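User: I'd like to learn how to read a few features of a protein model. Could you walk me through them one at a time?
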Amino acid sequence: MEGGAVPFCYSVPNTIQLLNTLRLTQKSKHSQKILYYLGIIFSALFLAIAALLPAILPVFTLPQPSGQYKVGITEYSWLDSSRPETFTQTPEDKRNLQLQVWYPAAETNHGRTKPYWRDSQIKGPLLSGALGLPPFLFNHLNRVKTYSYPDATLAERTTPYPVILFSHGYNGFVDQNTVQMETLASHGYVVASIAHPYETLATIYPNRDVVTFNKKWNQRMMAEMLSALPLFDKILAAEDKGEQARLTRDILDEMPLWQQSLDLWTADTRFVLDELPLLNATDPRFAHKLDLDRIGVMGMSFGGATAGQVCQLDARCKAGVNLDGLQFGKLLGGEPLAQPFMVMESASSSGLNDFMLSRLGNVHYRVKVRQSTHTNFSDFSLSAPIFSSDLLQGLGLLGTIDGQQMTTLISDYLVAFFNRHLQGKEAPLLEEVAVKSPQTTLTMYTP
């Protein structure tokens, strides 16, 4: 399997089949006895692994949204006819985005909520392959229930709803932060998660067409990153702020492919911003219900870097959030960021965002979450708790922070940030004196 070796125990059924074939051809009673006992051992091992899987990878429960509204969910496919699709060889192909949208829903006493992974048979093996894990490891996610009702009626209220756009991590997926999407929707936000084709795990359009991750492009990007590692080391070692700033800007020259992808994701997000007025004018569900003067942009990892660059280039973004993403791109060399901005970082993050934070010209926040790693800033904290155990800490996939606590912390800070900076509401959590949890450290900067 690409991405990592498969442990021997997951090849048990094929091994037993081979042993049975050999058993028919062996003449020696001694050999037959050895093969017989090997078959028993391998079968027992396979059954033990199967029995342990529910404990290792349980059918988990998503935290219940904390807001006053029920949650609806729908999806769209939007074609940008002005931009060619650069990942294909067909000149006529245009950039086609898939969006998943969560929103405040009216009370509903009927209907089923959306499965967490409706397309687990597609996404499960792809995610396992990306992590170098066995292909069936995430099949259980199709049994996880969400709080989102497909195509539910939008909740009525006298004022329109603010909008938040979200970008996933590199090789992530649109619903990788379902907990945060549902929580924000329950607090009165319309949240649109954008699938960036060929750089997401899988883009699954409403008509069920599928576009998967472009591995060749990613390999070129990883090679570029490796060549730039000495520059990152110099940035971390630099004591002079001016030297650190110069080296940070040099990253733009050392990583042109990364900048190319960041520009593409930025263009995707700005296209969605262009399309929102049409949605607000003509869509039966959202017509005249979106407040396009109150738009936030956020993302996780590479999507977080996208959020920073979008806000730097587009005044329609009124507030932005980067969830544990290394911020690079035009923000490092252009005008200081004019909008309020929040950076949430894992305990494993370095000081590479220090220069970026100095480029923020409005009030901004830095939230450090102890005992967390990069992957904790997604639903992975809940879907695979075994990776937070002492046994598998060496893999570095998850920190030791409790998954439910981690996802709730992220949601609480996002609600507080957007409540304050999109709606002007009180947000005590964002005061430095506030103590939400011993797991976090918050620093607020004012210009």
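Analyst: Happy to! This is a predicted model. Let's begin with burial: a residue counts as buried when its relative accessible area is under 20%. Ser-120 has 5% relative accessibility, so Ser-120 counts as buried.

User: Where does Ser-120 lie, and with which residues is Ser-120 in contact beyond its neighbours within four places in sequence?

Analyst: Ser-120 belongs to helix H3, which spans residues 120-131. Leaving aside neighbours within four places in sequence, its contacts are Pro-125, Asn-139 and Asn-142.

User: Thanks! Which cysteines form a disulfide?

Analyst: A disulfide is a covalent bond between the sulfur atoms of two cysteines. Here the count is 1 disulfide: Cys-311 with Cys-317, their sulfur atoms 2.1 Å apart. The link is right-handed, with 50 degrees about the S-S bond, and both Cys-311 and Cys-317 are buried.

User: How many residues of strand S5 are buried, and which strands does S5 pair with?

Analyst: In S5 (residues 190-195), 6 of 6 residues are buried. One side carries Val-190, Ala-192 and Ile-194, the other Val-191, Ser-193 and Ala-195, and both faces are covered. Strand S2 runs antiparallel to S5, joined by 5 bridges, and Val-101 stands opposite Ala-192. Strand S4 pairs with S5 in the parallel sense, also over 5 bridges, and Phe-166 has Ser-193 as its bridge partner in S5. From S4 the chain passes through helix H4 (residues 178-186) to S5, making a right-handed β-α-β crossover.

Technical notes:
Residues are numbered from 1 along each chain as its sequence is written. This is a predicted model: local features need pLDDT of at least 70, side-chain atom pairs count only at pLDDT 80 or more; totals for chains, interfaces and linings use all residues. Side-chain values use heavy atoms; hydrogens and water are left out. Helices (H or I, at least four residues) and strands (E, at least two) are DSSP runs, numbered from the N terminus. Buried means under 20% relative accessible area, exposed over 50%, partly exposed in between (1.4 Å probe, protein chains only). Contact means heavy atoms within 4.5 Å. A disulfide is a pair of cysteine sulfur atoms within 2.5 Å. Two strands pair if DSSP finds at least two bridges between them. A crossover is right-handed if, with the strands pointing away from the viewer, the path from the first strand over the helix to the second runs clockwise.
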